[in-house]
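Biologist: Could you take me through one part of this model up close? I'd like to hear about the charged pairs, with the cut-offs spelled out.

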Amino acid sequence: MLETLKQVGTKFRLPGTIYAYDTITIGKINSTYKVTYQSDKYDLKSYLFQKVNTNVFRNPVELMANIDCVTSYIREKYPNQITLNFHHTEDGHNYYICEYGYFWRVSNYIDSITFDSTDDLEIIAAAGEAFGHFQMQLSGFDGSKLYETIQNFHNTKKRLDTLFADAEKDIAGRRAEVEDELEYIRSVRDEAAELSVRFANGEFPTRVTHNDTKANNVLFDRVTKRPIIVIDLDTVMPGMAMYDFGDAVRSIASTAVKDEPDLSKVFLDTTKFRAFAEGFIKEVKGVLTADEIDSLVQATFSVTVELASRYLDDYLNGDTYFKCNYPAQNLVRARCQLQLAKDILRKKDELQRIVQGCYGWTYTPLI
């Protein structure tokens, strides 16, 4: 591996020689290494080397083009802020395809800490602030200029259409097990798909969206626990800002892990929801439209139903996409997300009041 890392570092014109390297085990898709270089003056500087998993990311060149556009824009517009910096080869690419066909990239290393999950409301609010700040920084960038590297990734209508089409095919012979789940999704199909339909009709701005707004994609200062930067830009694409919000709180504010079999444990924690919303909305005031703000809660419901449909669809197709550690795990995952979606729907008025309170509006539910 050392010789490979040396070759990659040479292609990216990194100064000095490799002093040490460590494998970073956080992250399940790409292979990541912290590589420390020593200069002629014995100074040490670290970089992140990543071998991109092209089985997952099928369009890596377009993916890196998106990253280049976004990081360059932020760096030019906010020169005094810490930004991700992906290095370039002599021919101007921010990637290198080695002789064995592996796809490599190199970025600056930022000393920090991450949180896979947390009950600390200050950290949750800071995560909301980080993802809101990401939206604010890119509010002047035309998201439609980015490649859609994963087609229909958050097209809820398309996802649900695919689910019901695959349920009719029933290629794994499992439909009889999931009739209750299909019936519930059918009952909320139009509501869950509404935002994606409106987006397709041009009713919402096309934003730069992160599309993987987990808490551990925010780097925090080790001492102050303040957010430093949003990372993992592999899924940056054009989309709806509300779905980034919804996907974050779906994950961060759930009272259970995403494959909790005991559905009595699955709820949306409104206190955590409020903390994230306060941090997020503080940053996007004046950036998102009133219609976008008003749709944050619906987006939370929509993206939760969408994820449930993806798990259920994979189960119907014989578990070919999501990795499973035991039989029927995809079905357990789907049921867990549907239980969460039901709780979000039950609390819709309360969540809407929280959002409007963060924004400074008075919420009056429609009668």
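**Salt bridges up close**

Modeller: Let's start with R189, which forms a salt bridge with D161, the closest N and O atoms sitting 2.8 Å apart. R189 lies in helix α6 (residues 189-200) and D161 in helix α4 (residues 156-169), so the pair ties together parts 28 residues apart in sequence. Just so you know, this is a predicted model: local features need pLDDT of at least 70, side-chain atom pairs count only at pLDDT 80 or more, and totals for chains, interfaces and linings use all residues. Residues are numbered from 1 along each chain as its sequence is written, and side-chain values use heavy atoms, with hydrogens and water left out.

A salt bridge here is a side-chain nitrogen of Lys or Arg within 4 Å of a carboxyl oxygen of Asp or Glu. Helices are DSSP runs (H or I, at least four residues), numbered from the N terminus. R189 is partly exposed at 26% relative accessible area, and D161 is partly exposed too, at 29% (buried is under 20%, exposed over 50%, partly exposed in between, with a 1.4 Å probe and protein chains only).

The structure holds 22 salt bridges. Another one joins R175 and E179, at 2.9 Å from N to O; R175 counts as buried at 18%, while E179 is partly exposed at 34%. Then there's R346 with D343, at 3.4 Å from N to O. Both lie in helix α11 (residues 329-346), three residues apart, about one turn of the helix. R346 is exposed at 55%, whereas D343 is buried at 3%. Elsewhere, salt bridges that share partners join E129, R226 and K282 into one network.

Terms used: Helices (H or I, at least four residues) and strands (E, at least two) are DSSP runs, numbered from the N terminus.
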